[in-house]
Amino acid sequence: MSASPRDDDPEAQNVTASKQSEAGVLSGEAPSAGTQNPKQDVDIVDWGGPNDPENPFNWSATRKWLITGTALLGTLTVCINGTAMTVAAEQINEEFGISDATFPNSYWPVTSWSVGGALFLMVGLPLMEDFGVRRGFLATYIAFVLFIIPQALAKNFATLIVTRFFSGGCVSILANTVCSMVCDMFDGEERRTVPVGLYIWLYLVGQSIGPVIGGAIIQHLHWRWIFYIQLIWYGASFPFFFILIRETRGPVILRSRAKAIRKKSGKQAYTQEELDASPLLPTLFLSVKRPFQMLFTEWVIFSFTLWSAFSFGTILVFTQSVEQVFVSLYGWRSYSAGYVQGAVVIGECLGWLATLYQKRLYIGSASRNTKQPGTPIPEARLYMSIVGSFTGMAGG
């Protein structure tokens, strides 16, 4: 029999407790409440104060706008993929033996593009928020370009419908990434107003100008060149995105900093988020569930989502119906009908100028706020939208 330590011998008690703890760790048992937690030796990595130069909020205005401008260029150009082909519906129908006599079958490629965008956006963008904007953007961009190739080489109508579902999903992620970047770099509502306004404007312009560009192409070339030229443009743009799009998510930057410290010094350096992180699958599930939960439980979000959906839907209806009306009723050529969409682009430019005035109204409302003095009134953002709904949406 081995002798047990005396109750009045603290040193012997510590040695025994240490051996029991080591045995528990080796056997896979959880340490008891009185055992020292190994995580207590971990260095917590965080920003080095409020002026940390690696914090995106502290980047120079030039750097912020360079990244934002590059992402805004992506928003404009990738949206063109959605509607540029609409002016070629007649040629595509003829080549693939599709008829619009009893049902507008030529609408399917744009419909599948829109459905893919709605579904992918709800899943892809939240994952980018958690795992990194830069890597998510570049990976999605490569997938987007790859899905344009079969659109250019399609041998049947079904190929167009299926591949455009996935390209539409990629576009929804790429075009909306800039909104996340703006929130990561620009602090406060006043600083975010202009870049967010530019994002919405270019998102709309990209879809509206698609038929104009498509019309210019089919006036001189075969309809497949709509996609060939997109491949050339998107391929040439990739190096700029690769160089200029930087990671803007603060938690992701801190995780990279902690990883570099561990690699260089061997210290147990982690961010607090890493220490508190849940397993991968629950994290993925939470990221995907969160936007759906907010959409159907937050009525303000639900209402504005319907409003946005109606606005985007109106633009997509224009891209399909304008050609039908002007070609079938007035005998215009398809490319000429595509040029009509330029009028919508002009209207969107005027609408964006109105948002600049709306910003002044919103910021100025802070002086009239009696409940929270110095804070802008949320409803003050709606003034110009009411005018736009009547004169623009309904009147147009």
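Me: Which helices do the buried residues of H12 pack against?
Reply: In this predicted model, three residues of H12 are named as buried, namely Ser-287, Pro-291 and Leu-295. Residues three or four places apart in an α-helix point the same way, because there are 3.6 residues a turn. The partners against which the buried residues of H12 pack are helix H4 (108-131) and H13.

Me: At what angle do the axes of helix H12 and helix H13 cross?
Reply: Two packed helices are described by the angle between their axes and the distance between the axes. For helix H12 (residues 280-297) and helix H13 (residues 299-328), the axes come within 5 Å, and they cross at roughly 90°. That value makes H12 roughly perpendicular to H13, since the range for this word is 65 to 115 degrees. The crossing angle asked for is therefore roughly 90°.

Me: How many nonpolar residues does the contact of H12 with H13 have?
Reply: From H12 come Met-294, Leu-295, Phe-296 and Thr-297, and they meet Trp-299, Ile-301, Phe-302 and Thr-305 in H13. Sorted by class, this contact of H12 with H13 has no charged residues and two polar ones, while the number of nonpolar residues is six.

Me: How many polar residues are in the contact of H7 with H8?
Reply: Helix H7 (residues 189-208) and helix H8 (residues 210-218) pack at an angle of about 30°, and their axes are 4 Å apart. In this contact Gly-206, Gln-207 and Ser-208 in H7 meet Gly-210, Pro-211 and Val-212 in H8. The contact of H7 with H8 divides into no charged residues, two nonpolar ones and, for the polar class, four.

Me: Is Val-252 buried or exposed?
Reply: Val-252 is found in helix H10 (residues 250-265), and beyond its neighbours within four places in sequence it is in contact with Asp-130, Phe-131, Gly-132, Arg-135 and Glu-247. Its relative accessible area is 5%, and the cut-off for a buried residue is under 20%. Val-252 is therefore buried.

Me: What share of the residues of the protein chain count as buried?
Reply: The secondary structure of the protein chain comes to 16 helices and two strands. Of the 396 residues of this chain, the share that count as buried is 36%.

Terms used: Residues numbered from 1 in each chain as written. Predicted model: local features only at pLDDT ≥ 70, side-chain atom pairs only at ≥ 80, totals over all residues. Heavy atoms only, no water. Axes fitted to C-alpha atoms, helices over the stretch in contact; angles between N-to-C directions. Parallel < 35°, antiparallel > 145°, perpendicular 65-115°, else oblique. Contact = heavy atoms within 4.5 Å. Nonpolar A, V, L, I, M, F, W, Y, C, P; charged D, E, K, R; others polar. Buried < 20%, exposed > 50% of the residue type's maximum accessible area, 1.4 Å probe, protein only.
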